[in-house]
Amino acid sequence: MSVLLEVRNLTKVFVTPGQTPVRAVDDVSIEIEEGSTFGLVGESGSGKSTLARLIPRLIEPTSGEILYQRRNLLAYNEKQLREVRQEIQLVFQNPYSSLNPRMSVRQLIGEPLYIHGKAAGAALDQRVLEMMELVGLKPEHANRFPHEFSGGQRQRIGIARALILHPRLLILDEPTSALDVSVQAQVLNLLIDLQQKLGLTYLLITHDLSVVHYMCDTAALLYLGTVVEKGTLAQVFRQPQHPYTQALLHDVPSADPDQRMLENISLESDIFSARWSGTGCRFAPRCPANQVGACTTIEPPLVPVGEGHMVACHLVHPHLNP
Ligand SMILES: Nc1ncnc2c1ncn2[C@@H]1O[C@H](COP(=O)(O)OP(=O)(O)OP(=O)(O)O)[C@@H](O)[C@H]1O
Ligand SMILES: [Mg+2]
């Protein structure tokens, strides 16, 4: 397998006059293998959507690198970016607000192809119908409008729209969190099915650990903009090393893995009420473990604990402390 997307030391600082700059994404490095599903997990405000928007350069990073097929996207000009953005598509959380209510299903799904000048007329209609079939929509839905559909069907429209340009990488930003639980499973199964049929690679963003467990090959946990643990599904779920990951997984020991929502755990207080002073470990103000001096003075580096398993915690790497 080859790496399709690599993000190296990516950082985005939002600067608003008169306010403290927000390091929304801070020195994040991830690698996504072609054909795999990479889960990006984190609480609200941890920087997930910012990272999603940085990858196709919908917003510009402050520093770091974005390598797609080993090519540096930050060196691309407008024309090259337009090309590559056909291969990297985003699917958003809310199928209610992300679809223009005045456009028919046919127009919504066909629009990307039309805008890129790839098809028009009967050829465009044909492609739209193919996409509708692929995502489980009926041909007679083509002339209807978003408000006539349920949440799950609207998300199918969003997925068809993202697929019509033949992307290789889909960035799915909480694709099912606005949907009813029963409908969530249908959309996730559709995504699994499409991945197999089309050889797609997914970056799946979620705050729902059960979605990660169901869908992902590898995962990274984001905390206040930084990766605190990453590894294969087995490493992260069966041998969690970071106190944050452990708390997330162990807080509901008897619960079915399918019920593990970040919202349900006691750590989920307002992420910014647990103020981080700016030095030491970001998780220290909420960390349930017995801390050492370094926890509040030195930012822990992300260091391997096994093949492909990385953890940023002084307690896991005590030998690194002075
Ligand atoms: N355009 C912006 N200007 C200033 N700050 C921003 C901007 N966009 C995001 N932020 C801040 O960056 C941080 C990360 O936001 P982001 O939306 O990436 O989080 P998230 O993990 O996607 O959260 P959620 O789960 O709620 O979607 C937050 O503190 C947010 O307020
Ligand atoms: Mg978000």
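1. A residue counts as buried if 20 or more other C-beta atoms lie within 10 Å of its own, as exposed if 12 or fewer do, and as partly exposed in between, with C-beta atoms placed from the backbone. Arg57 has 16 other C-beta atoms within 10 Å and is therefore partly exposed. Arg57 sits in the loop between helix 1 (48-54) and strand 4 (63-68). Its phi is near 60 degrees, a positive value in a residue other than glycine. Most residues other than glycine have a negative phi.

2. On the source: this is a predicted model, in which local features need pLDDT of at least 70 and side-chain atom pairs count only at pLDDT 80 or more, while totals for chains, interfaces and linings use all residues. Residues are numbered from 1 along each chain as its sequence is written, and chains are lettered from A and ligands numbered from 1 in the order in which they are written.

3. Overall make-up. The protein has ten helices and twelve strands; helices (H or I, at least four residues) and strands (E, at least two) are DSSP runs, numbered from the N terminus. Along the principal axes, the C-alpha atoms fill a box of roughly 70 × 45 × 45 Å. Of the 322 residues, 39% count as buried.

4. Contacts. Two residues are in contact if their C-beta atoms, placed from the backbone, lie within 7 Å. Among contacts with a separation of 6 or more, 64% are between residues 24 or more positions apart.

5. Helix 5 against helix 6. The axes of helix 5 (residues 151-163) and helix 6 (residues 181-198) come within 9 Å and cross at roughly 20 degrees. Axes are lines fitted to C-alpha atoms, for helices over the stretch in contact, and angles run from 0 to 180 degrees between N-to-C directions. The two helices are therefore roughly parallel to each other, a label for angles under 35 degrees; over 145 is roughly antiparallel, 65 to 115 roughly perpendicular, and the rest oblique.

6. Gly151, Gly152, Gln155 and Arg156 in helix 5 meet Val183, Gln186, Val187 and Leu190 in helix 6. By class there are three nonpolar, four polar and one charged; Ala, Val, Leu, Ile, Met, Phe, Trp, Tyr, Cys and Pro count as nonpolar, Asp, Glu, Lys and Arg as charged, and the others, Gly among them, as polar. Gln155 counts as buried, with 31 C-beta neighbours inside 10 Å. Gln155 and Arg144 are eleven residues apart in sequence, and their C-alpha atoms are 15 Å apart in space.

7. Helix 5 against helix 3. Helix 3 (residues 105-115) and helix 5 pack at an angle of about 30 degrees, with their axes 7 Å apart, and are therefore roughly parallel to each other. Their crossing is right-handed. Val105, Leu108, Ile109 and Pro112 of helix 3 make the contact with Ile157, Ala160 and Arg161 of helix 5. This contact has six nonpolar, no polar and one charged residues.

8. His166 is in the loop between helix 5 and strand 7 (169-173). His166 has a positive phi of about 60 degrees although it is not a glycine. With 13 other C-beta atoms within 10 Å, His166 is partly exposed.

Key
A crossing is left-handed if the near helix is turned anticlockwise from the far one by less than a right angle, and right-handed if clockwise.
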